[in-house]
Amino acid sequence: MVSLVLARTVIGIIGNIIALFLFLSPLPTFVTIWKRGSVEQYSPIPYLATLVNCLVWVLYGLPVVHPGSILVITINAAGTLIELVYIILFFVFSDRKKRMKVLLVLLIELVFITVLTLLVLFIFHTHSKRSMVVGTICILFNIGMYASPLAVMKLVIKTKSVEYMPLSLSVASFANGVAWTIYALLPLDPYILIPNGLGTLFGLAQLILYASFYKSTKLQKEEREGKGQVVLSDQLVTNGKECWKNDNIESGNPRAEVHGA
């Protein structure tokens, strides 16, 4: 039993370290925003979505909801702080219209997490029921977070180029999914296992795509440079949606998703 607890703790710490890297992966984007003094066409949605995702996982990890989940709390509390910093920076360098939208979404998220916390604590009186309610919501939120990596994978297949899917983030996403999947098996925690199991599959799919289109990406870059064309910028706007080379969603990064734990 002691060895099992130790193994779970070690895996959880590794998962914390990998997930922290994913949370910090948008930093280059915000350095650019800081230097330019404007958010330009960047969207705050990935950071707002990650914020509420982290808040729900913090609630799940509380001793009154799911005891023995301190490592779930640590990484998601850190993620909450990091996302708040991103959102504050976005707010500072936005125009009035974008600021109002950010404030509105933040208000909705705070109301949601407050109501959820009160309902869980006062209506459900056992750890199993509280874990089931909050854990189910965590799974649903994580499934929603997969929209970004799916969009990037679709872009890779369409363009036959991995230019907008950095290898480091794909590897980190896969490793993050593996670490938290193992954590969820020691002992079994289906609410952490399901989203991270899916995350592992998505990460593996990204690595397979990278291996499949790496050579064609090099050929495309060489062809563009040979014709003297301007290399595409880090931001690609497709059908009104932004995909970022440095963002995890993401990344994400787009922003690489962090699967709840």
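How many helices and strands does the chain have? The chain has nine helices and two strands, where helices (H or I, at least four residues) and strands (E, at least two) are DSSP runs numbered from the N terminus. This is a predicted model, in which local features need pLDDT of at least 70, side-chain atom pairs count only at pLDDT 80 or more, and totals for chains, interfaces and linings use all residues. Residues are numbered from 1 along each chain as its sequence is written, and side-chain values use heavy atoms, with hydrogens and water left out.

**Overall layout**
- Along the sequence, the elements follow the pattern α-α-α-α-α-α-α-α-α-β-β.
- Of the chain's 261 residues, 48% count as buried, meaning under 20% relative accessible area with a 1.4 Å probe, protein chains only.
- About 13000 Å² of the chain is accessible surface, and 74% of that belongs to carbon and sulfur atoms; the areas come from the Shrake-Rupley method with a 1.4 Å probe.

**Helix 9**
- Helix 9 covers residues 190-226, and its 37 residues should span 54 Å at 1.5 Å a residue, counting one less than the number of residues.
- The end C-alpha atoms of helix 9 are 52 Å apart, which agrees with that span.
- A kink of about 50 degrees is centred on Phe213, taken as the angle between axes fitted to the seven residues ending there and the seven starting there.

**A closer look at Thr217**
- Thr217 sits in helix 9 and counts as buried because its relative accessibility is 5%.
- A polar atom of the Thr217 side chain lies 2.8 Å from the backbone nitrogen of Val162.
- Leaving aside residues up to four places away in sequence, Thr217 touches Lys160, Ser161, Val162 and Glu163, with contact meaning heavy atoms within 4.5 Å.

How values were computed
Buried < 20%, exposed > 50% of the residue type's maximum accessible area, 1.4 Å probe, protein only. Polar contact = N/O pair within 3.5 Å; in protein donor to acceptor, adjacent residues only side chain to side chain.
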